[in-house]
Amino acid sequence: MKGNSIFERADEIKKLGVGVIICGAVSDAFYNLLKESDIDLVCGITGDIEEVIEAYRNGTLAHARFRMPGSG
């Protein structure tokens with residue numbers, strides 16, 4: 001990301017046309033900025049990126065093996 005602030009980063013993500021972000025965690029402020037930009041967030045996820053993407057596409061990302069420890 002080129003932007004230094006969360007506002008710049010959120011703007012850059014929006015300009016890239018990103019519709020979904022799958023991540024381990026983001027701050028509450030960044031989460032809210034992204035949601036305000038109509039970007040869906042799936043937080044608390046861990047695992048091999050290819051497996052995570054495949055699980056997202058298959059609708060199986062809720063499987064316990066993709067959940068970060070301590071996330072619900």
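Figure 1. Helices (H or I, at least four residues) and strands (E, at least two) are DSSP runs, numbered from the N terminus. This is a predicted model, in which local features need pLDDT of at least 70 and side-chain atom pairs count only at pLDDT 80 or more, while totals for chains, interfaces and linings use all residues. Residues are numbered from 1 along each chain as its sequence is written, and side-chain values use heavy atoms, with hydrogens and water left out.

Figure 2. F30, L33 and L34 are the buried residues shown in α2; buried means under 20% relative accessible area, exposed over 50% and partly exposed in between (1.4 Å probe, protein chains only). These residues lie on the same side of α2 because they cover an arc of only 95° around the axis, the arc being that of the directions from the helix axis to the C-beta atoms. The exposed residues D28 and E36 are carried by the face turned away from the buried side. After α2 comes D38, with a positive phi near 60°.

Figure 3. In soluble globular proteins, nonpolar side chains tend to be buried together.

Figure 4. A10 is found in helix α1 and is buried, at 5% relative accessibility. Leaving aside neighbours within four places in sequence, A10 is in contact (heavy atoms within 4.5 Å) with F30, L33 and L34. The C-alpha atoms of A10 and L34 are 5.9 Å apart, although the two residues are 24 residues apart in sequence. L41 touches I21, V26, Y31, L34 and K35, not counting residues up to four places away in sequence.

**Figure 5. Salt bridges.** The whole structure holds 3 salt bridges, a salt bridge being a side-chain nitrogen of Lys or Arg within 4 Å of a carboxyl oxygen of Asp or Glu. K15 and D11 form one of them, at 3.1 Å from N to O; the two residues are 4 residues apart in helix α1 (residues 6-15), and so separated by about one helical turn. K15 is exposed, at 68%, whereas D11 is partly exposed, at 37% relative accessibility. In the salt bridge of D40 with K35, the closest N and O atoms are 3.9 Å apart.

**Figure 6. Helix α3 and the segment after it.** R65 and E51 meet in a salt bridge of 3.2 Å, N to O. Because R65 lies in the segment after α3 (49-58) and E51 in helix α3, the pair ties together parts that are 14 residues apart in sequence. D48 caps the N-terminal end of α3, with a side-chain oxygen 3.2 Å from the backbone nitrogen of E50. G59, whose phi is positive, near 80°, follows α3.

Conventions: A polar contact is a pair of N or O atoms within 3.5 Å; within protein, one must be able to donate a hydrogen and the other to accept it, and residues adjacent in sequence count only if both atoms are side-chain atoms.
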